[in-house]
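User: I am new to this structure. Please take a close look at its open sheet and at the helices packed around it.

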Amino acid sequence: MVGTAPKLGAVSGHSKWASIKHKKKATDAKRGQLFTKLARAIQVAAREGGGDPAGNAALATAVEKARQASMPKDNIERAIAKGTGSGADADSFESIVYEGYGPGGVAILIEALTDNRNRTSSELRATFTRRNGNMGEPGSVAWIFEKKGELVVDAQRYSEDDLFPAIDAGADDINLDEDVYEIVTAPEAFTAVKQALEQAGVEFESAELSMRPTTTVPVEESEVAKLIGLIDALEELDDIQAVHANFDVDADVLERATA
């Protein structure tokens, strides 16, 4: 169902956060580190599901993220070749999920691709400790999250009517979060919804499969900067692919905390 009210409840501020992160990555001085992470994700996706994005949703998503980050086409093709070839690069990486808590009791779920579990665990534990958080035991917060497709669109460029093709293509919901719309889909409907919007001429601020919280924790404004600092520090680690959290924060507070 299409929602016209500001986004409330379980995902308050999350589409705004996705938009902020997307813009940050577009101007990130650490572009080389970002490309390394993207290439690693492409390699592993190609190894596990084959080198054709049309038949490998994980690879299609990884390639799309790389394109959004302006990663050169040659880099993308090399990463796919490494993943499908006989080299050991992709084989050396494994996907691991880590869990923890941030300031305000916020649950944090971390997706990593690593060739050294001990190194990754040590770096994560040190980052949590330094940034006012705590590592959790396996299963401590994972149950709070579920995989969904998320597409974020600039509400100043597009109206709700412009997004109706998403509903026709199978989107679960459309919500307004301050100055961005968020389209939520089941994982299996993500590609169809994305293609329907692209065919309608809609451009995205971000579009990806993500782990969304089913319940959230309100965070006091005094704690938000600490929380965002922890999330940023986790995302900067070389082995970390994605960080998900179940905070409930108003969009304007997020803007101030990330200014």
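Four strands form an open sheet in the order β4-β2-β3-β10, with antiparallel pairing. Strands here are DSSP runs of E with at least two residues, helices are runs of H or I with at least four, and both are numbered from the N terminus. Two strands pair if DSSP finds at least two bridges between them. The edge strands are β4 (134-135) and β10 (240-245), and each pairs on one side only.

This is a predicted model: local features need pLDDT of at least 70, side-chain atom pairs count only at pLDDT 80 or more, and totals for chains, interfaces and linings use all residues. Residues are numbered from 1 along each chain as its sequence is written, and side-chain values use heavy atoms, leaving out hydrogens and water.

Strand β3 (residues 106-114) runs antiparallel to β10, and five bridges join them. A112 has I240 of β10 as its bridge partner.

Helix α5 (residues 117-130) packs on the sheet. Helix α5 touches β2 (94-102), β3, β4 and β10, where contact means heavy atoms within 4.5 Å. Its direction makes about 15° with that of β2. Axes are lines fitted to C-alpha atoms, for helices over the stretch in contact, and angles run from 0 to 180 degrees between N-to-C directions.

Helix α8 (residues 221-235) lies across β2, β3 and β10 and runs at about 160° to β10. Helix α8 also packs with helix α9 (residues 251-258), at an angle of about 55° and with axes 9 Å apart. The contact uses E221, V224, A225 and I228 of α8, and V253, L254, R256, A257 and T258 of α9.
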